[in-house]
Amino acid sequence: MLYHIYEMNHAAVAPLRAAAEVGLWALRHPLNPFAETVAGKTLAAALDVFETTTRRYGKPKFNLHETEIGGKAVPVVEKIVWERPFCDLVHFEREASAMTDVAPQPKLLIVAPLSGHYATLLRGTVEAMLPHCEVYITDWIDARKVPLAEGSFDLDDYIDYVIDMCHLLGPDVHLLAVCQPSVPVFAAVAAMHDNDDPCVPLSMTLMGGPIDTRESPTEVNRLATERGTEWYERNVVMTVPWPHPGVMRRVYPGFVQLSGFMAMNLDRHMDAHWDYFDHMVEGDGDSAEKHREFYDEYLSVMDMTKEFYLQTVDEVFVKHSLPKGELTHRGRKVRPAAITRTALMTVEGEKDDISGVGQTKAAHKLCTGLPASMKTHWEQPGVGHYGVFNGSRWKNEIAPRVRDFIAAHTKHPAKG
């Protein structure tokens, strides 16, 4: 009943939140003489914090309307080019007329994590690659919005989706997987090689992913191993209530996962909101805006299907099936040794507290069929999990290395 209680609480607070919004409008109105007083700013800040912490955050937008190529601004339009019940494939299409003088660039499929947050969490990842690649990204659908009639979605389906997208984009595509999708992307590439698929990607970059969670286990890894899959099924799997389109679907709710992540660093989040309150009272608009931008994204969460969530916990964190050679896809063993044509790059953060150092690099030991010239690893000093794919270190130090790796393994069409 927890999901129903959550919905009831949200509905019960709605009138108070509406009153807070009206109060904010009145307190910040330019004609209100009380607005610029310390008392007025303090009350407005308090109402703002209340409203933002009780709001239900919807799916954010990428808001990447242009990029810069060769010193020139190039308009960008988002287009859905492939659709399935649980995922859309979004293409960040750059205006063709502005690309006439630009040499052909590689296709890059960014596989976003299906782990509670929306694909927009990788906005910075996309932004850094847009000037150099034809970028596509998986835009996963909130499970509570998928009607039960659309069927289930599990780890096998995830791997199938990746393979289907590779078929759509062709054999000249590169893959970049951030965190959780490292395992299904790795499995998809192995399965494609095993089937002698002509559309195997040219390269795959795995960033902060749990290929082998026995390496430098984090608190997240330890909890999964100690509790086991049954504990998660009993305690965190719930039924989507009415009136959501996915009513009666069994899911791992996003709000439960968010609560867990926030509890891991509760003091830091509380301090951040106190600082936000102080910034608004002091009139520090820039700092307050940065806080809003971060939490607008961080607090936007989605549900995952029960079968995908539990299978991922069981195979990746409890059984360690991939590194043990026991992972299967549609009943067939996943054989990393079959990978011979897809170059591999792994990226880790020195201070990653989600995927510990060595967990992603473990992919290299599994790819026994790849020569050393097709393998690259980078450990970024001084960054945690989020910093591997977003922020200044990603933009200035990691992204250039990823782009160089992709360029080194891109096959350019012969000139006629």
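This is a predicted model: local features need pLDDT of at least 70, side-chain atom pairs count only at pLDDT 80 or more; totals for chains, interfaces and linings use all residues.
H2 passes H8 in a right-handed crossing. Now show the side chains where the two helices meet. On the H2 side they are Lys41, Thr42, Ala45, Ala46, Asp48, Val49, Thr52 and Thr53, and on the H8 side His273, Tyr276, Phe277, Met280 and Val281. Coloured by class, the contact of H2 with H8 has 7 nonpolar, 4 polar and 2 charged residues. An α-helix has 3.6 residues a turn, so residues three or four places apart point the same way.

**The whole chain**

The protein chain has 13 helices and 14 strands. Its C-alpha atoms fill a box of roughly 70 × 55 × 40 Å along the principal axes. Of the 416 residues, 52% are buried. Take the contacts between residues at least 6 apart in sequence: 77% of them join residues at least 24 apart.

**H4 and H5**

Next select helix H4 (residues 155-169) and helix H5 (residues 182-194). Their axes are 9 Å apart and the helices pack at an angle of about 60 degrees. That angle makes H4 oblique to H5. The crossing of H4 past H5 is right-handed. To see the contact, show Leu155, Tyr158, Ile159, Val162, Ile163, Cys166 and His167 in H4, which meet Pro184, Val185, Ala187, Ala188, Ala191 and Met192 in H5. Which classes of residue make up the contact of H4 with H5? There are 12 nonpolar residues, 1 polar and no charged.

From the end of H5, follow the chain into the loop between H5 and strand S7 (203-207), and stop at Asp196. The phi of Asp196 is near 50 degrees, a positive value in a residue other than glycine. Most residues other than glycine have a negative phi, and most peptide bonds are trans. Asp196 counts as exposed because its relative accessibility is 59%.

Select helix H10 (residues 306-318). Its buried residues are Phe308, Tyr309, Leu310, Thr312, Val313, Asp314, Glu315, Val316 and Phe317. What covers them? Among the elements that cover the buried residues of H10 are H4, H5, helix H6 (219-235), strand S9 (250-252), strand S10 (304-305) and helix H11 (321-324).

H6 passes H10 in a left-handed crossing. From H6, the contact takes in Asn221, Ala224, Thr225, Gly228, Thr229, Tyr232 and Glu233; from H10, it takes in Lys306, Tyr309, Leu310, Val313, Asp314, Phe317 and Val318. The contact of H6 with H10 divides by class into 7 nonpolar, 4 polar and 3 charged residues. Among the H10 residues in this contact, Tyr309, Leu310, Val313, Asp314 and Phe317 are also buried.

After H10, look at His320, whose phi is positive, near 55 degrees.

**The loop between S8 and S9**

Move to the loop between strand S8 (238-239) and S9, and find Pro243 there. Is the peptide bond from Trp242 to Pro243 cis or trans? The bond is cis, with omega near 15 degrees.

Met248 lies in the loop between S8 and S9 as well. Its phi is near 80 degrees, a positive value in a residue other than glycine. Is Met248 buried or exposed? Met248 is exposed, with a relative accessible area of 54%.

**Last stop: Thr376**

Finish with Thr376 in strand S14 (residues 375-380). At 31% relative accessibility, Thr376 counts as partly exposed. Select Ala343 too: this residue is 33 places from Thr376 along the chain, and their C-alpha atoms are separated by 8.4 Å. Leaving out residues up to four places away in sequence, Thr376 touches Leu344, Met345, Thr346, His364 and Phe405.

Conventions:
Residues are numbered from 1 along each chain as its sequence is written. Side-chain values use heavy atoms; hydrogens and water are left out. A crossing is left-handed if the near helix is turned anticlockwise from the far one by less than a right angle, and right-handed if clockwise. Helices (H or I, at least four residues) and strands (E, at least two) are DSSP runs, numbered from the N terminus. Contact means heavy atoms within 4.5 Å. Ala, Val, Leu, Ile, Met, Phe, Trp, Tyr, Cys and Pro count as nonpolar, Asp, Glu, Lys and Arg as charged, and the others, Gly among them, as polar. Axes are lines fitted to C-alpha atoms, for helices over the stretch in contact, and angles run from 0 to 180 degrees between N-to-C directions. Angles under 35 degrees count as roughly parallel, over 145 as roughly antiparallel, 65 to 115 as roughly perpendicular and the rest as oblique. Buried means under 20% relative accessible area, exposed over 50%, partly exposed in between (1.4 Å probe, protein chains only).
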